[in-house]
Every structure is written in C-alpha cells, then in structure tokens.
Amino acid sequence: MKKEVHHAKIATKIEQSGTIKMNRRQFITMSAAATASGALLSATGHAAPDKYVATKTAPASLFLDIKDNPLRLTDKCKRMPQKNTIFSRQLWDFEFVQKVESSVDRTSLDELRKNKGWTQLDEALDEAAWAVDHKFASGSEGGQPHSMAYAWDEHVRKQKVTFKDAADASKKIKKAARYLGASLVGITDYNPLWTYSELIKEKFEGESRQEGPPEYEIFTPEFPFEPKSAVVIAVEMDYRTIALSPSSLEGAATGLGYSHMCEVGYSVATFIRALGYRAFANGNDVSLSIPYAVAAGLGELGRHGMLITREFGPRVRLVKVFTELEIKPDPPIVFGAWEFCKNCKRCADACSSKAISDGEPTLEGKTISNNPGALKWYIDPEKCIQFWRDNGSDCANCITACPYNKVDTWPHRLSTSIAALPVAPLHSFLSQLDKQVGFGNIDNLKGNANFWVED
Ligand code: SF4
Ligand code: SF4
C-alpha cells in the first residue's frame, strides 16, 4: 500500500476516534531506533555503583578475545516485556502514537518529499527492499512472534547428525551460516534474561489489519524446546545507501537488511533442523539482539546504542537462531569501541532529534522503552521515532556518522587497530579527522540526487 494512503488513514483515525494505529511501515521501519533503544544492554569499562553480573575492563591490547562477558549489568536489570519496546507500543499506547503523529509538520514533510531521495522511484526501491521481510517475516519488524519464517515449530528431521564435540558443531554451523549469507556469525549460550518476559502479538484477519484500535494478545514465551545455544548472525547493510540518510534510499538499505535477516535466519534454522535438532530464528520479535551479539563476540556496544562490529561498524542487522543443539560458544571481544565513544560523540551531533546522549553513561533511561539496570548511554527512542515520522522515511544518521562505519578493507582494520589505543586525545583527533576527510556526511541531498545516474 502506498504511504500516502497510510497517512490518510492515520489522519482520519485521529480525527474520528482519538485513537490511532500508526502506519506499520512508518512505525516499524524505525528499526535502528529499536536496536538503539533502552532494551539494549551495555558493555563498558566504567565503574558503577551496583553489583555486576559480569564485568570486564577493556584491555589495552588490540583485538583481544576475553573470557568474561563484557556486559556490565546491575542486579536491577530484568527481563522486559515486549509491549514496552518502541515498536510494540503502536498496539496499545495510543496517547504516545497520537502525540507523535500530531507533532508531524505535514507541510514541511510535503516539501521535503519533493527532493530526490523521496520520489516515487526512491520509494519503490524502498518498498522492494522490504518486500521479502514483509511477505515472510512480519516478526522481524513489528514484533509478531512465532509467525511465518520466525515460527518456532517447523519440521525437524528425525535422524540426527552427530558431531565430534561442541567445537566441531560450531565449526560446521558457522561455515553453513556464512555460506547461506551471514556477514558475521558467532555462537553464545541461550540466556533467558534477553528473552522478553511477555510477548505481544497483533491479531490479524487473513493478512490485513482491521479498522479501529488493533487487537492483540499477550502471552509468555514458552518454546516447544529448551534452547541451549544461540547462533548470532549479522548481515551487512549497503554502505552507499545507508549514507543517504535520511531518505527513502536509506530506508531501502534498512529494508534490505531486514529482508536478508529473514532469509539468512530462516536458512540457518532450516539447516539445523535438517541436522535433526530443533531450532528457530528470531529478529526483534522474541528477544533482544545486542546482548547476544556482544556475548557471541561480534562487537561492542556504542554510544548510539547499537552494536559496533570491527568489520562494518554499526552498519549491520542482527538475527538469532535458538537451538537445542549444544554448540561451543565464542568469547566476547573488546577492541576499544566503548573507550573511543567516550571522546567521539559524532552520532550525538548527527542526531537531529537529540535522542543520543552526549553525556556520561547512566543506569537508566527516560522512557518506558528503556530497560534500566545496565550502565550505558541510553538513547531516547521516543525522540528518535518522532524524527522518523517528521522526515517521512526513517533515519540512519547515527550509523552514517559513526567512524567505525566503513567498508571492510585493510585500511579500515588498520585504523580500527589504531583507535584501540587507550589514548583519549587520539580518539578525539581520529574522530574529527574522519569527518574532515569527508566521512559520515548526513543530509546528503547531492548523493540522493546522484543515486540513479551513477553506475
Ligand atoms: S540519528 Fe537519532 S533520530 Fe536518527 S536513528 Fe539515530 S537515534 Fe534515531
Ligand atoms: S559515532 Fe562515535 S560516539 Fe557514536 S557510536 Fe560511533 S564511535 Fe561511538
């Protein structure tokens, strides 16, 4: 359905009933915000006042695998209900949704959408990039757990493949995951702390939503088996179009990331089921992603609330496969990103809605979509979403501006190694140098205009 039709429906619902259901595409594609929301937990070398579940100070040595999980959590950190995530609030928090919608300046939005990057041509690419996700994995976007490609109970072969040991299983599964399209893959133990305490699922009739307030059910996550391992997969998003944030072309990069999540996650889960072990993939619908990614050694958490990988920076999407198969976990890694973030702040400067903190890490955020109890830079997902609605697409300014966001080449790896040196003035210098040489530009209208004429 075209966005204009969605917008018209929303406006009508505000006028008629005072309750609205935000356009799913608009609300849902705020995916960077979800992953950057308070649902996510932090890795840090900071001291904090409470008892930690696990701590680790960033080592000075480069790219050192560490034995302990670097997540720094207090005992106030609990499982959060899915209904509090910023996406799921569209189902029940009409006051918030109405506040967001009524704040949108539709005249400015109409003006903005006359620019290259927001044309029908651009939107068509955006829609096409999301198409696989929308068709096969509604669970990855708005949180429709146990559905479509992310269903929990698909067929499992009776005959089991046996492995020499858990390390052998890891080797084979990681090889298959890369073959099936994973850009990065790591293994960690299943941890119920990261699974939502309650799930929320909208009731559909057929494939379409009903008029009026959405109907939903809330239920506890009872999987048909006890997961033992999580295969954590990162899929790279397109560098060129992420850099066109905010625009529909950037939305295409995000959408394609979601579609790849669905494809790769489902394929890896199918591989494990064909080995004779129960498994299912999940996106944003069942559990948090970043704690798993940190635990599985894919990267560190940044100021912008997203995972920072060594290879692609934050320019990835994450999908997990839970399985009953015991697989040897990978060690977490620390390569200095948290320390770099203390002196960088490029993402906070690039965030038009001021949703990203430029201060010190804290133990709680400001909204119900922040899950307290972890020491981290909490973003304000409500401000973030407001900006998404205001610009008529979504936003990846914080990904674009991050100096770790580069194509994975040896110069990038070398500069990441240098950035790992624990010297604060060097971090500030490198961050500014990166900007001076032209990386991380946002509001790139020229880039948007050139997209369709460049080879
Ligand atoms: S830059 Fe700000 S508004 Fe944009 S996605 Fe990041 S947090 Fe949200
Ligand atoms: S832009 Fe700078 S401060 Fe923000 S996450 Fe990236 S490295 Fe950290």
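Is F280 buried or exposed? In this predicted model, F280 has a relative accessibility of 0% and therefore counts as buried. F322 is likewise buried, with a relative accessible area of 0%. The rings of F280 and F322 form an edge-to-face pair, with 5.6 Å between the centres and 75° between the planes. This pair joins strand β6 (residues 279–282) to strand β9 (residues 316–323), its members being 42 residues apart. F280 and F322 also belong to an aromatic cluster that includes W152, Y190, F223, F225 and Y292.

Across the whole structure, 14 aromatic pairs are found. In the pair of F335 and Y404, the ring centres lie 6.0 Å apart and the planes meet at 80°, so the arrangement is edge-to-face. F335 is located in the loop between β10 (333–334) and α12, and Y404 in the loop between α15 (397–401) and α16, 69 residues apart. Both residues are buried. Charged groups also sit over rings: the charged end of R89 lies 4.2 Å from the ring centre of F96, and that of K376 lies 5.0 Å from the ring centre of Y378.

Y404 is also one of the residues around ligand 2, among them C341, C344, C347 and C402. Helices α12 (337–344) and α13 (346–350) each give two or more residues to this shell, and α12 provides the largest share, three residues. Eight residues of the shell are nonpolar, one is polar and three are charged.

P403, another residue around ligand 2, is among the residues nearest the centre of the second largest pocket, which has 14 lining residues. The volume of this pocket is about 280 Å³. Helix α16 (410–419) contributes the largest share of the lining, five residues.

Notes
Residues are numbered from 1 along each chain as its sequence is written. Chains are lettered from A and ligands numbered from 1 in the order in which they are written. This is a predicted model: local features need pLDDT of at least 70, side-chain atom pairs count only at pLDDT 80 or more; totals for chains, interfaces and linings use all residues. Side-chain values use heavy atoms; hydrogens and water are left out. A residue is near a molecule or strand if one of its heavy atoms lies within 4 Å of it. Helices (H or I, at least four residues) and strands (E, at least two) are DSSP runs, numbered from the N terminus. Ala, Val, Leu, Ile, Met, Phe, Trp, Tyr, Cys and Pro count as nonpolar, Asp, Glu, Lys and Arg as charged, and the others, Gly among them, as polar. On a 1 Å grid over the protein atoms alone, a cavity is a set of points where a 1.4 Å probe fits but cannot get out, and a pocket is an open set with protein on both sides within 12 Å along at least five of seven lines; lining residues have an atom within 4 Å of a point. Grid points are joined across faces, edges and corners, and a volume is the space filled by probe spheres set on the points. Rings of Phe, Tyr and Trp (its six-membered ring) pair if their centres lie within 6.5 Å; planes under 30 degrees apart count as stacked, over 60 as edge-to-face and the rest as tilted. Buried means under 20% relative accessible area, exposed over 50%, partly exposed in between (1.4 Å probe, protein chains only). A charge sits over a ring if NZ of Lys or CZ of Arg is within 6 Å of the ring centre and within 35 degrees of the ring normal.
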